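Let's take a walk through a protein model together, going from overall numbers to individual side chains.

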Amino acid sequence: MSEPARPSQAAQSSQSAQPAQSAQSSDHSSGFTEPAQPQAEVSERRAGRATREGAKRHSALIGSLSSIKVELSVLIVIDTIIVFILSWVMLKWGLSEWIAFPVTMLVALGITYVFSRGLTAQLREIRDAAEAVSDGDYQVRVYGATSSKDEIGQLARSFNIMAEELEHSDAMRRDLIANVSHELRTPVAALQAQVENMADGITEPSPANLEGILTQTHRLSDLIAFLLDLSRMEAGAASLEISEFDLRDFLDETIEPLEIADGGHNHTIEVSMKQDITMEGDPDRLRQLFTNIISNALKHSADGTKVLITAREYRPHDTVIVNVINFGSQIPKSARNDIFRRYVKDKDGRPGTESGGTGLGLPIARWAAQLHGGNVKVVDDPRGADFEITLPKHHRESDAGTSALS
């Protein structure tokens, strides 16, 4: 095993700001205790904090305007004015130009150096944070540069958002791997026990026992299909088998197994289409898309209620728009983008959704739509949660590839 990379100065500064209790909790969860940190590392952390505080002080000088070009222009003007005034004063005092010129140049360089320290300190902080992230430390954040109003401040804020997303995805990916490993172990253990009992003659290979084995194999197949979808989504693209199909027949075929699986919840799935629509796409990928969206609507609908599916053509853009509406529930605008994030947590902080899902159904649905050059989003609807699916009526290879990579 290779030795882990030592965090950079900015990373150590960020970690020092965390409570000691949180650090101990992290150590216990990983199964080992971190050794006491040498005094040299503590000194380096303090030095990093001082650098960050210095960056904050200098950012008030260099980051007060909305553009670096404007700030540099103002700096040049200030230098010119000071050099002119200083030269005029020294010449009026009768000093030689051989003395006045070097003195004014040194003063101008000193002013430029003082003002530019804030700029370079901010860039160094962002550089150190980027190096820490490249080493796998997603907890590092940029502090001093975020107060600037110019492009460097915008870059620092964008970097922090990126680091938060990476930290979230990394934590949820590890949790998901642990959960899926546990889920795989359960059906494998059950299959092993059932087959061993049959091999030892303890149980007979009756239809009931064989049905139990078949159920476990179906569960394994679903988990493997889920992992394959996850890997394809992480890769950002997948091959498509394009064909032309009737949308109404396609929706009926997709809905039928969902109605059977709905059991005793007494949901009604109604499809409303004013005209026949034919479109091009990959039926398997699109079935995955609509299955996830409709299943999500059924899970969040009260028993005995209706899920409405409407479909129409939008000829100006040559697209097909499908809306899946479950009545009653609403999704706050602040959460409409989060539900499409990968590796979500429920309200108690556990991986997955409150309904027991993995939290990847909606991200996979959006991924499948983007493979076709379309999109999935939540739109305002007084009737309830409304998922709007927009897909091209005719497959366009360039649009699909661009959208899938975005």
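A word on the ground rules comes before the tour. This is a predicted model, where local features need pLDDT of at least 70 and side-chain atom pairs count only at pLDDT 80 or more, while totals for chains, interfaces and linings use all residues. Residues are numbered from 1 along each chain as its sequence is written, and side-chain values use heavy atoms, with hydrogens and water left out.

The protein chain holds 11 helices and seven strands; these are DSSP runs numbered from the N terminus, with helices being H or I of at least four residues and strands being E of at least two. Of the 406 residues in the protein chain, 36% are buried. Here buried means under 20% relative accessible area, exposed means over 50%, and partly exposed lies in between (1.4 Å probe, protein chains only). The accessible surface of the chain is about 23500 Å², and carbon and sulfur atoms own 57% of that. Such areas come from the Shrake-Rupley method with a 1.4 Å probe, and for residues only the protein chains shown count as cover. Among contacts (heavy atoms within 4.5 Å) with a separation of 6 or more, 71% join residues 24 or more positions apart.

Now to the charged side chains. Side chains of opposite charge can pair when their charged atoms come close. A salt bridge is taken as a side-chain nitrogen of Lys or Arg within 4 Å of a carboxyl oxygen of Asp or Glu, and the count by this rule is 11. Take Asp380 as a meeting point. Its salt bridge with Lys333 has the closest N and O atoms 3.7 Å apart. Lys333 sits in the loop between β5 (319-327) and α10 (361-371), and Asp380 in the loop between β6 (375-379) and β7 (384-392), so this pair ties together parts that are 47 residues apart in sequence. Asp380 also forms a salt bridge with Arg336, with the closest N and O atoms at 2.7 Å. Arg336 belongs to the loop between β5 and α10 as well, so the Arg336 and Asp380 pair ties together parts 44 residues apart in sequence. What about burial? Lys333 is exposed at 62% relative accessibility and Asp380 is exposed at 52%, whereas Arg336 is buried at 13%.

Arg287 is partly exposed at 26% relative accessible area, and Asp284 is exposed at 58%. Together with Glu253, these two residues are linked in a network of salt bridges.

Next, look at helix α10. How much of α10 is buried? The answer is 10 of its 11 residues, so the helix is largely enclosed by the rest of the structure. Among the buried ones are Leu362, Ile364, Arg366, Trp367 and Leu371. Just after α10, Gly373 takes a positive phi of about 85°.

Asn323 is buried, at 5% relative accessibility. Its side chain makes a polar contact with the side chain of Asp386 at 3.0 Å. A polar contact is a pair of N or O atoms within 3.5 Å; within protein, one must be able to donate a hydrogen and the other to accept it, and residues adjacent in sequence count only if both atoms are side-chain atoms. Leaving aside neighbours within four places in sequence, the contacts of Asn323 include Leu308, Thr310, Val379 and Phe387.

Val70, in helix α4, is partly exposed at 40%.

Finally, the backbone. Most residues other than glycine have a negative phi. Asn266, however, has a positive phi of about 60°; it is found in the loop between α8 (247-262) and β2 (268-273) and is exposed at 54%. Asp318 likewise has a positive phi, near 55°, and its place is in the loop between β4 (306-314) and β5.
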